[in-house]
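Here are my notes on the model below. Please read them with the coordinates open.

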Amino acid sequence: MIVELLRVKIPPTQREKYIQKDAEIWTAALASYPGFLGKEVWINPNEPAEVILIIRWATREQWKAIGQSELNAIEQRFAQELGFTGEIVESSEYQVRKFPQNQG
């Protein structure tokens with residue numbers, strides 16, 4: 001499994017709107033692609049200008065198979081409906097490692 005982490009800076013007063021529109025547009029769109037396993041939104045109560053998005057994919061190949069033109073179209077719709085822009089300040093990729101359980 002692959003985890004995509006996005007840390008986004010947004011106007012603090014717009015955090016709830018950002019989360020709502022992200023779910024309506026980005027999460028709904030990503031859910032239609034093979035390999036999408038789910039998404040979590042993390043908020044830090046001490047940093048209202050930050051939203052962390054954790055997107056889980058079955059494989060890196062399935063995640064990266066989404067065309068750039070499709071991503072651009074989703075982003076354009078998202079930005080238009082949102083009415084402001086968030087700044088992605090971190091974009092990371094992690095591989096989830098699983099280890100065998102002890103048999104003792």
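1. Basis of the notes. This is a predicted model: local features need pLDDT of at least 70, side-chain atom pairs count only at pLDDT 80 or more, and totals for chains, interfaces and linings use all residues. Residues are numbered from 1 along each chain as its sequence is written, and side-chain values use heavy atoms, with hydrogens and water left out.

2. Overall make-up. The protein chain holds three helices and four strands. From the N terminus, the order of elements is β-α-β-β-α-α-β. Helices (H or I, at least four residues) and strands (E, at least two) are DSSP runs, numbered from the N terminus. Along the principal axes, the C-alpha atoms fill a box of roughly 55 × 35 × 20 Å.

3. The sheet. Four strands form an open sheet in the order β2-β3-β1-β4, and the pairing is antiparallel. Two strands count as paired if DSSP finds at least two bridges between them. At the edges are β2 (36-44) and β4 (87-95), each pairing on one side only. From one strand to the next, the twist averages 15°. Axes here are lines fitted to C-alpha atoms, for helices over the stretch in contact, with angles from 0 to 180 degrees between N-to-C directions.

4. Strand β1. Eight bridges join β1 (residues 2-9) to β3 (residues 47-57), and these strands run antiparallel. Within that pairing, Ile2 is the bridge partner of Trp57, and Glu4 that of Ile55. Eight bridges also join β1 to β4, again antiparallel. There, Leu5 stands opposite Ser92. Cover on β1 is heavy: six of its eight residues are buried. Buried means under 20% relative accessible area, exposed over 50%, and partly exposed in between (1.4 Å probe, protein chains only).

5. The core. The largest nonpolar core has 22 residues. Such a core is a set of buried Ala, Val, Leu, Ile, Met, Phe, Trp, Tyr and Cys residues joined through side-chain atoms within 4.5 Å. Tyr18, Leu30, Leu53, Ile55 and Trp57 have the most contacts inside this core. At least two residues each come from β1, α1 (15-30), β3 and α3 (68-82). The most come from α1, which gives six.

6. Among the buried residues of α1 are Tyr18, Asp22, Trp26 and Leu30. The buried residues of α1 pack against β1, β2, β3 and α3.

7. Ile55. Leaving aside residues up to four places away in sequence, Ile55 touches Ile2, Val3, Glu4, Leu6, Leu30, Phe36, Gly38 and Lys39. Contact means heavy atoms within 4.5 Å. Of the contacts in the chain with a separation of 6 or more, 75% link residues 24 or more positions apart.

8. Gly83. The loop between α3 and β4 contains Gly83. Is Gly83 buried or exposed? Gly83 counts as exposed because its relative accessibility is 64%. Gly83 and Gln14 are 69 residues apart in sequence and 10.0 Å apart in space, C-alpha to C-alpha.

9. Burial across the chain. Of the 104 residues in the protein chain, 35% are buried.
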